[in-house]
Amino acid sequence: MKNVLQSIAGVEVYAVFSLLLFVAMFTFMVILVMRASKKYIDRMAKMPLEGDDEHTTVQSTTKH
Amino acid sequence: MSNVETFHYDNKIVRNFAIATLAWGIVGFLVGLIVALKLIFPHFLGFIPELSYGRLRPLHTNAVIFAFAGNAIFLGVYYSLQRLCKARMFSDTLSQIHFWGWQFIIVLAALTLPLGFTTSKEYAELEWPIDIAIAAVWIVFGVNMLGTIFKRREKHLYVAIWFYISTFLTVALLHVVNSFELPVSLLKSYSFYAGVQDALVQWWYGHNAVAFFLTTPFLGIMYYFIPKAANRPVFSYRLSIIHFWALIFVYIWAGPHHLLYTSLPDWTQSLGTVFSFALIAPSWGGMVNGLMTLRGAWDRVREDPVLKFLVVGVTVYGMSTFEGPMMSLKNVNALTHYTDYVIGHVHLAALAWNGGLAFGALYYIIPRIFNTELYSKKLANVHFWAATLGIGFYAIPMYWGGITQSLMWKEFTADGMLRYPNFLETVTQIIPMYALRAIGGTLYIVGAVVAAWNLYKTAKSGALVANEEAQAARHLEEDPAGTYWHRLLEGKPAKFAFYSFVAVVIGGVVEYIPTVLVKSNVPTISSVHPYTPLEIEGRDVYIKEGCVGCHSQMVRPFRSETVRYGEYSKVGEFVYDHPFLWGSKRTGPDLHRVGGKYPDAWHYMHMKDPQSISPGSIMPAYPWLNEKKIDLSHVEGKIITLRRLGVPYPEGYETKATDDLRAQAKQIAERLQQSGATVEPETEIVALIAYLQRLGTDIKHAPKQELEGQPAESASK
């Protein structure tokens, strides 16, 4: 297996390329996420709990 | 307000998927228990071909992955997606087609696999017409999901939905690429790829099926149901964004990466190791995010069965995602590969992570859609402890047995001989572990049955709210809080879907190119020839009976293996193997060098009654092979199909093929006759013996020793 892959000219390019691409993408995402506004983050985090949200009223499954 | 709309969530489809999850789950677990018992009592259930170990094992894996976990995914998606989008599913008709289509595919799998229709590629065993049906139903699911997202009343897409979208797109890609095959008949096809290339594609699929069928959708479920059950927002939404992108980006590459980095210079090898390890980071980021959501609410974990299952599930997710990268280290892999350690690893993850999240979601959803309370918290606790103990009793003996057996395989005496030259000794040593595993599995099934009963009683105590009323503002309000980039990325689902698809496609392409290049780079061995028509039939018997489930065909370049089996396997030996049959587990010995090792009569007796030759063996008997005739009507078609795939049979050879088959079968039957075994020449046993005797022998022959009448032109590339 090792020798077969080694015989492909320039195969290491793929691994190096993928590593660099990942590092670039990861850095980009971290910067993006750090710069996101707190308001947005808070709103997103609360989204699944929005049964109690003021803007939307989802009827509770347990009837009162 | 005038723009507030009233609409209804579809709970009926959620209920349907819940029933399917439970029903198929119990069926899948039971089949698992049956195959576990067959490893202790090889004659359990008698000699019925449809119930033999080799055919039931893929049924078990397919049932638990695609029927149990699959329906659990759809259960979680259909429940949470509607609520996160504040919209009913896009189309009730599509929901119905999706549900019934998926169940229909499961039924087809449950019929075809025991009947022996299989491609033999692990977790992709289903034959080509079913592959097409899977693609169609999967697209229905995708359209229904994306349609719901497009008509949503919520501007932003919560992170759970990102995981769902990436699941849909990537599984579609994996399924299509790995299923390239050329049909011979309605239920028989040959893989488009051969040998090493087939192996690379298969394990690119296998690794990423774990990633995008058993991980990403369940992470989406985690990100929705843990906050819901704990009634507090996720620990860090920022972390969840990084988690998502890092995970889908790294995962698609990590699988074959350990194949790749062995060929690289030292400095890139070190980088590559770091890169493979990088997968621990997003995985653990997700685990920490899930568990930390419960900060300040840990007391509720004691009370709430939903949280119990979710917490154990996420904790085990962390353990398994640590174990995975460890097992991809070469020195660890040398010890664990082909052993039951891998079985322990996958079951720990499947039972606790997939099972835990599935049951957590069920305990959460059922009381709510039936507008009632859980019937019995006590029974849910019984289920929890039965499942947790069951997992322990399953995984620990498998780890122990796997390592024990591996060390026995590798042990040499002071004189440099194998201490356990008889493979069987290493098997009988760990049979008590197999017994403990069966007890663990039984406990898990008991728990699941208790859960089904509890949930049934819960449903009975309430009434299904088939259409649950909800209200939300009609227009997507402009939200100034999101920045330009965020709006670009996930404010627009089409663009989002595009970007995440690009992420996995880049990974796929980077990996796929070397895979394609491999084909023309495999050194040709001039003495390696295509199989004879009889050997093809024998190989197809080997595939049909699922021999690959217990026997590998890949001798690794270790002294312990070359002493035991013979010369290590060369990639050039597999160039005509459509599909590859390297296998992934050695319950029995490797078979790549079995050709010529024993006389024909040995194989005949061994297949008929293995214990008569190897007392104490757990190999099941295959007496029906002596009776079943080879179907000669497809011999011609098989030659033509294989030639189309690049196997160099001469033009027109197909017309001679059946005669060649008959001649070779007659020879073998005569040899058997001389040893006192009377058998019809055109039976499956004769074909199988022909194949087994051919296995791994080509490199021993000089090219001149070709038998007359055999297709013998070598591929000179």
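## The two chains

In this predicted model, chain B has 717 residues, and buried residues make up 62% of them. The secondary structure of chain B comes to 26 helices and 4 strands.

Chain A has 64 residues, of which 38% count as buried. There are 3 helices and 0 strands in chain A, and the pattern read along its sequence is α-α-α.

As a general background, nonpolar side chains in soluble globular proteins tend to be buried together. The largest nonpolar core in this model holds 177 residues, and the members that touch the most others are B:Tyr237 and B:Phe359. Helix H2 of chain B, which covers residues 53-85, gives this core its largest share, namely 19 residues.

Which residues is B:Phe359 in contact with, leaving aside its neighbours within four places in sequence? They are B:Leu22, B:Phe29, B:Phe68, B:Phe309, B:His383, B:Tyr444, B:Ala448 and B:Ala451.

## Cavities inside the model

Rolling a probe the size of a water molecule over the atoms shows where empty space is left. The structure holds 14 cavities of 30 Å³ or more, and the largest cavity contains about 200 Å³ of space. Its lining consists of 17 residues, and those that lie nearest the centre are B:Phe66, B:Tyr123, B:Ile134, B:His175 and B:Tyr205.

Two or more lining residues come from each of these elements of chain B: H2, helix H4 (128-150), helix H5 (159-178) and helix H6 (195-213). When the lining of the largest cavity is sorted by residue type, 12 residues are nonpolar, 3 are polar and 2 are charged.

B:Gln202 lies in helix H6 of chain B, and because its relative accessible area is 0%, it is buried. Not counting residues up to four places away in sequence, B:Gln202 touches B:Lys121, B:Glu122, B:Asn178 and B:Phe580.

B:His592 is found in a loop of chain B, between helix H21 (559-565) and helix H22 (600-608). Why does B:His592 count as buried? The reason is that its relative accessibility is 3%, while the cut-off for a buried residue is under 20%. The side chain of B:His592 makes a polar contact, at 2.7 Å, with the side chain of B:Ser569. Once residues up to four places away in sequence are set aside, B:His592 touches B:Ser552, B:Gln553, B:Met554, B:Val555, B:Ser569, B:Glu573, B:Phe574, B:Leu695 and B:Gly696.

## A partly exposed lysine

B:Lys608 lies in helix H22 of chain B. With a relative accessibility of 40%, B:Lys608 counts as partly exposed, since this class lies between the limit for buried residues, under 20%, and the limit for exposed residues, over 50%.

Not counting residues up to four places away in sequence, B:Lys608 touches B:Ala621 and B:Asn626. How far apart are B:Lys608 and B:Glu682 in sequence and in space? They are separated by 74 residues in sequence and by 17 Å in space, taken from C-alpha to C-alpha.

Terms used
Residues numbered from 1 in each chain as written. Chains lettered and ligands numbered in written order. Predicted model: local features only at pLDDT ≥ 70, side-chain atom pairs only at ≥ 80, totals over all residues. Heavy atoms only, no water. Core = buried A, V, L, I, M, F, W, Y, C linked by side-chain atoms within 4.5 Å. Buried < 20%, exposed > 50% of the residue type's maximum accessible area, 1.4 Å probe, protein only. Contact = heavy atoms within 4.5 Å. Polar contact = N/O pair within 3.5 Å; in protein donor to acceptor, adjacent residues only side chain to side chain. 1 Å grid on protein atoms, 1.4 Å probe; cavity = no way out; pocket = protein on both sides within 12 Å on 5 of 7 lines; lining within 4 Å. Points joined across faces, edges and corners; volume = space filled by probe spheres on them. Nonpolar A, V, L, I, M, F, W, Y, C, P; charged D, E, K, R; others polar.
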